[in-house]
Amino acid sequence: MVKHIILWKLKDFTEDERTDIMQGAKTALEALNGKIPGLISISLRTECLDSSNSDMMLVSVFEDEESLKNYQTHPLHTAAADTYVRPFTAERLCMDFKE
């Protein structure tokens with residue numbers, strides 16, 4: 001199994017805009033469950049404690065590295081990321097690892 005963890009910090013937006021952006025990202029990314037081969041699970045966390053320095057965290061699990069590579073270029077994933085995440089992101093950190 002391979003875990004794919006991403007942390008995003010959003011650009012400057014009002015609280016209402018941030019809420020809408022995070023909800024849109026959560027809905028779009030979690031809708032990928034069951035639609036991309038090799039993707040076991042995907043979840044977006046947006047409920048951060050005040051001690052956090054990121055706004056959103058994606059946790060996704062794949063069967064293997066090849067499944068992760070395929071996910072990264074899959075049209076459903078790129079459409080969700082290009083529409084609901086990338087335009088609003090100031091910073092992105094990623095860590096992939098085998099479990």
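**View 1. The largest pocket of the predicted model, with a volume of about 220 Å³.** The lining of this pocket comprises 13 residues, and those that lie nearest its centre are Ile6, His77, Ala81, Arg86 and Arg92. At least two lining residues are supplied by each of strand S1 (2–10), helix H2, helix H3 (75–84) and strand S4 (89–98), and it is S1 that provides the largest share, with three residues. By residue class, the lining of the largest pocket divides into seven nonpolar, four polar and two charged residues.

**View 2. Aspartate 55 in the loop that lies between strand S2 (39–45) and strand S3 (56–62).** The relative accessible area of aspartate 55 is 11%, and because the limit for a buried residue is under 20%, aspartate 55 counts as buried. A polar atom of the aspartate 55 side chain lies 2.6 Å from the backbone nitrogen of leucine 10. Leaving aside residues up to four places away in sequence, aspartate 55 touches Trp8, Lys9, Leu10, Arg18, Met22, Arg45, Thr46 and Cys48.

**View 3. Glutamate 65 in helix H2, which covers residues 65–73.** When residues up to four places away in sequence are not counted, glutamate 65 touches Val2 and Lys98. Glycine 38 and glutamate 65 are separated by 27 residues in sequence, while the distance between them in space, taken from C-alpha to C-alpha, is 9.4 Å.

Notes. Residues numbered from 1 in each chain as written. Predicted model: local features only at pLDDT ≥ 70, side-chain atom pairs only at ≥ 80, totals over all residues. Heavy atoms only, no water. Helix = DSSP H or I, 4+ residues; strand = E, 2+ residues; numbered from the N terminus. Buried < 20%, exposed > 50% of the residue type's maximum accessible area, 1.4 Å probe, protein only. Polar contact = N/O pair within 3.5 Å; in protein donor to acceptor, adjacent residues only side chain to side chain. Contact = heavy atoms within 4.5 Å. 1 Å grid on protein atoms, 1.4 Å probe; cavity = no way out; pocket = protein on both sides within 12 Å on 5 of 7 lines; lining within 4 Å. Points joined across faces, edges and corners; volume = space filled by probe spheres on them. Nonpolar A, V, L, I, M, F, W, Y, C, P; charged D, E, K, R; others polar.
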